[in-house]
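Try each task yourself, then follow the solution step by step.

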Amino acid sequence: MRETPAAEALPSSPIAKARLYLVFLLFAVGFGYVIVGLALRQLIQTGDLKAQYDTQSRRVVLRPPSRGLIYDRNGYVLVENRIRWSIKADLLALQPEIHRKYLALIKAERVRGAPVEFDKLQDKARLEVLQGWLDRVWYVIDEVQPNKRTGARPRPVRPDDEPERRVNAADLRKHLRERRALPFVLVTDLAFPGSGRALRPEEGQRTIARFIDQFPVNGPISLQSDIVRSYPHGSLAAHVLGYIKDTDELPEKVNELADLPMDNLQKLQYTGKKGASGIEQTFDAVLKGMSGWELWTKTSSGYNKELVASNPAQQGSAVNLSLDRDIQCAAERALAQIKDSKGELLPGAAVMLDVNTGEILALASQPTFDPNRLADRVTQVYFDEVDGKGGWMNRAIQGLYAPGSTFKVITAIAGLRHGIVDWDDILECGPSFRVGARDFPEHDPAGYGQVNLEKMLAVSCNVWNYMVGVRLGQPRLAAEARRFGLDTPLLTHVSDLVNGSPYELPYPAARTLVVPDAAYKQRNGFGPWTDGDTANSSIGQGYILTTPLHMACVAASLARGETRTTPSIIHDPGRDGRHVGAEPIGITEAQLTALRSGLERCVTEGTARTVRIPELPYAAKTGTSEYFKNGEKAHLAWIIGYAPADNPAVAFCVLVEGQLDTSTWGGKTAGPVARDMLTTWARKAEAPAGAQPPSDCQRK
Amino acid sequence: MVWAWFIVLLATLPGLWVADLLTDSLAGTNLVVFISGAAIVAPCRRLKRWQAVLFAACVGFLFEARRPIPLGTLPFLLAGLSIFLTSNRILLRNTPLVLRGAVLCNTLACTAWFTAAGLRAGAFAQGDLGDFTLQLLIQVGFAAAIALLVFVPLALIQDAAMDRTGLPPALESP
Amino acid sequence: MDKHRQGATASYVVLALCAVVWVVLPAAVHRFAQEAFAEFQAPALHLAGKARDLARFWELKSRDKEEILAASRDLARANAALELQLRRYEDIRKENVRLREMLRYNPPPEYLTVVARVAVRDSSTWWQRIVIRKGSDDGVRAGCPVIFSDRVIGKVAVAHHTTSEVDLITSPNFRCTGFLESDEQNRIVLITGAPGRGLASGRSRVTAIPQDYVYPVGNAPKVTTTGLGGVYPAGLILGHLEGGQRTTQDGNFRESSLTPTRDLFSLQEVTVLVPKYPTPGEILLEDQAQKRLDELR
């Protein structure tokens, strides 16, 4: 074979050669461009491109932390977290099944000769497949299904079934729109699978166990466990503890994600919880904890594929309340026994304080609610039910009431301090007292005759107070009430533990508290102040408005011989017993002794004698004030006091709102609640140090 | 002879049972004594192609029938391998080459069933690819070693059976 | 070149077609194929089990006569004591039935027991199984619990005519609920089998251990069945909880491993508890077997 010289392969004419070189040059430039471009991407832009890849192919999933626990002062759990098992469907794994269903539906539609709406059929296929799985789940967990013994197959859902047995089409659409990558929840809480059935805990466990033990393991249906808020004592202290609601704002851990372009990464999050009321709300910053995160790669259709990195969530810190579970329990149980003629609960509130520290041992309000029923979501039905009874209001700190005869303590102190009356002065008290053109009646039509300070407190003599009050004048009376803090908001944060809410409990009465004077009456268009108004004020009627907690603080202050008590709902063993703005009452020892002895006589022989506790002498002052309910007169029953009488440790206040047709009296109506709280306290106080007597306050 | 493949299969069965018994005695570990891949090599030298395919598929089904492996994985793979081997008999022309073939077939088949079973058990959903690879390497390495050890006696039995059925001898090295 | 070479492409095409046909075939055909091959091997499995029994028989036969005499004497005593206990239990059983009737208490599922010898054991990364020499002919159904004395061994995965495959509690296909010893609140924990790591065989994982569970000092706490799920009777031992506990990824629980109470691979005999009426789980399992094969299509 003859070799072809290279020269022969090339064109010989100069023009052709030039053309060829031009082509070579173009190729060279082209190659150069490609190579330089590649090098640039490989060597110089690699970081940027990787970041771009990361952001496009990865996502962060944020997991909410579990909230901190809430304990009472003795370490009993008041709020905890319960394991919740839910059943979820992996939509990615179900895709082939859904697709088969979709094709079958299209075929069926074509056979029918109907126009095929592909989007609708896609939705329908998805819904039907999920419904099929939900039917199977119910088949396993439902114990009451008939004919199981004959080996009946899972039955399809029926129109009259509970909504939990049906896959909600709207929920599914929302899920696909917003969190396609996460599994779809078929059953939210396996222990309580249907809203209609309030299961006992052991029945809940049975449902969970049936699913775990029986449902086939490998499949698109998975079991997931998470934590939900649980209030083991049901409605106990519900107004203090509060409840939680869903939130999309999760506490993030940005620091540990710092090496990722967090802003550009797609974020997905589970719904978190935040406090909506009570301690859950005001101490949310402490309780909420830190979210965990997972970094996933994702598939082109948006599902999670592989877990790249993760960081666990951190549980929130615990909060120790000053409440005593047993006393709280006693208070609520006693309140729940007070009913009107129709057997309906009378609204009311009860408070017990530690005299020295001001810590609140019990803070009850009735009617109440069960926070467990709000832990998942607030249903309109339950909201309306509680709202209809007036159950959302915390009457102990938000309810504004005229203090009635319990205010006479303050009138007496004002009289003593300003020398209007002394402890041993005897005033002649008839059946009424005339101020201007109006007779102000005694509550005993016969009158009390000769009354000194002690007797006034024991029998709650009105005329004594009219006389002293009118001689004092409203400015001095109002000043005394203010000295005892009746117009000062309570429960403001004293520690710097939490910022965010100015109060320890949400929305306690603050600006709405009223200690009336001439300016107040004028400002509100009620006309000029009269002596009649002063007489009314002196027995705690008229315009004055205060809360049960304020009156409990007055009792605690009296017990210590001071003017102010700073209450707190948070337990702090290091409290020094100093109270903001407190000063000595400013009366002589003899006057104070007479005052206290009058309060003791109120229990032994006076208006509170029906609720005497033989083994525990205590001091109290009852009150029955008038208020207008729906334009008609009704009565409020009050009792305040402290115990034991000789060495006070606890102070209390109970209020009950009487109805139009009920006979409501301070000692008779409110007294038993105070008695039950005191007996429980005494039983615990007698127990040896460190030991807890057996409790009748059990987990529900 | 039409039934030659079945007779070879019957001759192979004791070998497969022995492998099961060995697996039984190794039950404390994760190792499966897997010889199904190696078992098809010697018959593929002498059986007709359709016979070899039938034989391989049966061997595959026998392994899968009692184990949670997606049904059909191993039979079809082994059938494919047997088509390849029967059409490239030159690759099995002498003992070292046959031994190499046995090891390769066994490891390939082992990889297939291990991965398929892993897929079904949701191994990839858990995302621990490193551990999966390690497990696979251990299992495949063991399968290769077993193929080396067991192939010669197994092939002798199979060859004896094939001799009895009067099949032509295998292609020897040219 | 090999003379068969030319036809190879056609063969591959035919194989591919067969594979497609296989996938499209009805599930019943798949099941039939699987069952046929399983049944084909069943005699061999029986043979293997019987051979082991025979070996054991000869081993026992070689024992000294005096040794056997002593053993039988001990056995007779134990037998007498047990007979006495049995009579007492009969009384208790009757009382129990009466009390249940009074309380209208939903009785726990009744079981028929099937005692079965172990034929072979089969363990790999993805499954931990034993094959027993009793099958659907003896009443065994998929999904039935398998125990030995008071310990849980596993659950029947597949029941053939004369043999059954049992997923051991270490198998990734196994899942059940349990109670932890010393957890007074009796909170449910989840026991699942997990794929083995390295050469170690699979183990069971115990998850959903409450964060506040206190691991008792001294002996490892027992994990027992709950009896709530309708499959396992209550109080059977699943194993012992191991000490090293980790917090789970979501931070809500802890998890640990389970040491089975007995070497699961040295069992000679097990008992299958067959519920008198099939549980929904069994029925679903049957349906799912069908479905899984459908999915291949």
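**Exercise 1.** Find the place of A:Q366 and decide whether this residue is buried or exposed.

*Solution.* Start with the chain: in this predicted model, A:Q366 belongs to strand β13 (residues 360–366) of chain A. Next, look at the relative accessibility of A:Q366, which is 5%. Buried means under 20% relative accessible area, so A:Q366 counts as buried.

**Exercise 2.** Which residues does A:Q366 touch, leaving aside those up to four places away in sequence?

*Solution.* Among them are A:E332, A:L335, A:A336 and A:I338. Now take a closer look at A:L346: its backbone oxygen is 2.8 Å from a polar atom of the A:Q366 side chain.

**Exercise 3.** Work out how strand β1 (residues 111–123) of chain C pairs with other strands.

*Solution.* Begin with strand β13 (residues 269–275) of chain C, which runs antiparallel to β1(C) and is joined to it by 7 bridges. Here C:R117 stands opposite C:E269. Then turn to strand β2 (residues 128–132) of chain C, which pairs with β1(C) through 5 bridges, again in the antiparallel sense. In this pairing, C:V118 has C:I132 as its bridge partner. Finally, follow the chain from β1(C) to β2(C): a hairpin joins them through 4 residues.

Notes
Residues numbered from 1 in each chain as written. Chains lettered and ligands numbered in written order. Predicted model: local features only at pLDDT ≥ 70, side-chain atom pairs only at ≥ 80, totals over all residues. Heavy atoms only, no water. Pairing = 2+ DSSP bridges. Helix = DSSP H or I, 4+ residues; strand = E, 2+ residues; numbered from the N terminus. Buried < 20%, exposed > 50% of the residue type's maximum accessible area, 1.4 Å probe, protein only. Polar contact = N/O pair within 3.5 Å; in protein donor to acceptor, adjacent residues only side chain to side chain. Contact = heavy atoms within 4.5 Å.
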